[in-house]
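Look at the structure first, then read on.

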Amino acid sequence: MLKMYGHRWWCFAAVVVVACWWKGVVGQQQPRQASAIWVMGDSLVDNGNNNFLMSLARANYYPYGVDYYRGPTGRFCNARTFSDILGDWLGVAAPPPFADPRTAGNRILGGVNYASAAGGILDESGQHYGDRITLNQQVVNFETTLGQLRTMISPANLTQFLANSIVIMVFGSNDYINNYLMPNLYATSRFYNPQAFSNLLLNRYARQIQALYSLGLRKFFLAGVGPIGCTPNQLATGRGAPGRCVDSVNQMVGPFNEGLKSLVGQFNGGSHPGAMFVYGNTYGTFGDILNNPARYGFRVRDRACCGLGRNQGQITCIPNLMPCANRNEYVFWDAFHPTQAANGVLAQRAYSGSTTDTFPINVQQLAQLKL
């Protein structure tokens, strides 16, 4: 059994089984609860931006998208990502990728996706993959969109439009996986211990969150980093004890998550009037899935559905390679990314979970909040 480092994850009385949440959110049209959603982050929420970049980090080929109605779109999943499903709960369609030349005019009125595989908080993270859109550039890209919106919406209405929209931010994983944990390519682990590195990341992150606040955004969902020591890629290294995740890697992300939650508390403490910031406990929710897989309908948690090598995590999805057949029973789709089924649990818990899942309120409450 995979055990999470340093924590004991308790089950909740009302666990949402995969089949139930999927039927509930897709079976009927959800009322629109936000004027738009703005998605920023990495491959966990990229829905096609890297298709337009000179990058090795791309998912525009089968078997990616094998269960998605549009096939391979650039999503690093068998179908929907976390932000897609969270948007379903909010009644807002998945926004188009910023890099798509067609993303203009009325197409931007429901929001835009700026996320980019291999992108990180630090500009250098993931650079060995080639082009990617970093946090800094994603904020610049939002400014570009805002310039277009100013030509379409009156100033007063635009202020209200932005205040009633939600920005979903999913950053940090690449700064560890594709930077700190690669000492042969990046020097950060030689200059920073885990606490100092998390401080570096949080300082950079806070600066860009402040920039987005200054541009008019008022509702923020900030996802923490998941237990990356439990991914098939990390399990394949053999550095973990039998039946356990790689504890040393999970320990590294602890200071970042704790610091991000603390940052949310500070932002909500009066320094950003008229705004609300929510911390998403990705680590805790994913840990609950891994420690109690059967409660969510999962059977396989230590191997990828699509990939090669040890734990199917040493080489990610090969073009046209047949994935596993029982995808809803797998937690991980490839070496790093969750399946649609796991994304669904993460999204549902972010949307309507308890304060254990989100702090200080959940996304449903965030959407309903009058600022």
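C230 has 0% relative accessibility, so this cysteine counts as buried (buried means under 20% relative accessible area, exposed over 50%, partly exposed in between, with a 1.4 Å probe and protein chains only). The model is predicted: local features need pLDDT of at least 70, side-chain atom pairs count only at pLDDT 80 or more, and totals for chains, interfaces and linings use all residues. Residues are numbered from 1 along each chain as its sequence is written, and side-chain values use heavy atoms, with hydrogens and water left out.

C230 forms a disulfide with C245, the sulfur atoms 2.0 Å apart (a disulfide is a pair of cysteine sulfur atoms within 2.5 Å). The pair links distant parts of the chain, 15 residues apart. C230 sits in the loop between β3 (219-223) and α8 (232-235), C245 in the loop between α8 and α9 (247-271). Helices (H or I, at least four residues) and strands (E, at least two) are DSSP runs, numbered from the N terminus. The S-S torsion is about 105°, so this disulfide is right-handed. C245 is buried too, at 1% relative accessibility.

Now move to the loop between β5 (300-304) and β6 (330-332), where C305 and C324 lie 19 residues apart. Their sulfur atoms are 2.0 Å apart in a disulfide. Its torsion is about -105°, so it is left-handed. C306 and C317 form a disulfide as well, with sulfurs 2.2 Å apart. Both C306 and C317 are buried.

In total, the structure has three disulfides. Their pattern is 1-2, 3-6, 4-5, counting bonded cysteines along the chain.

What is the closest cysteine sulfur to that of C77? It belongs to C305, 9.8 Å away, too far for a bond.
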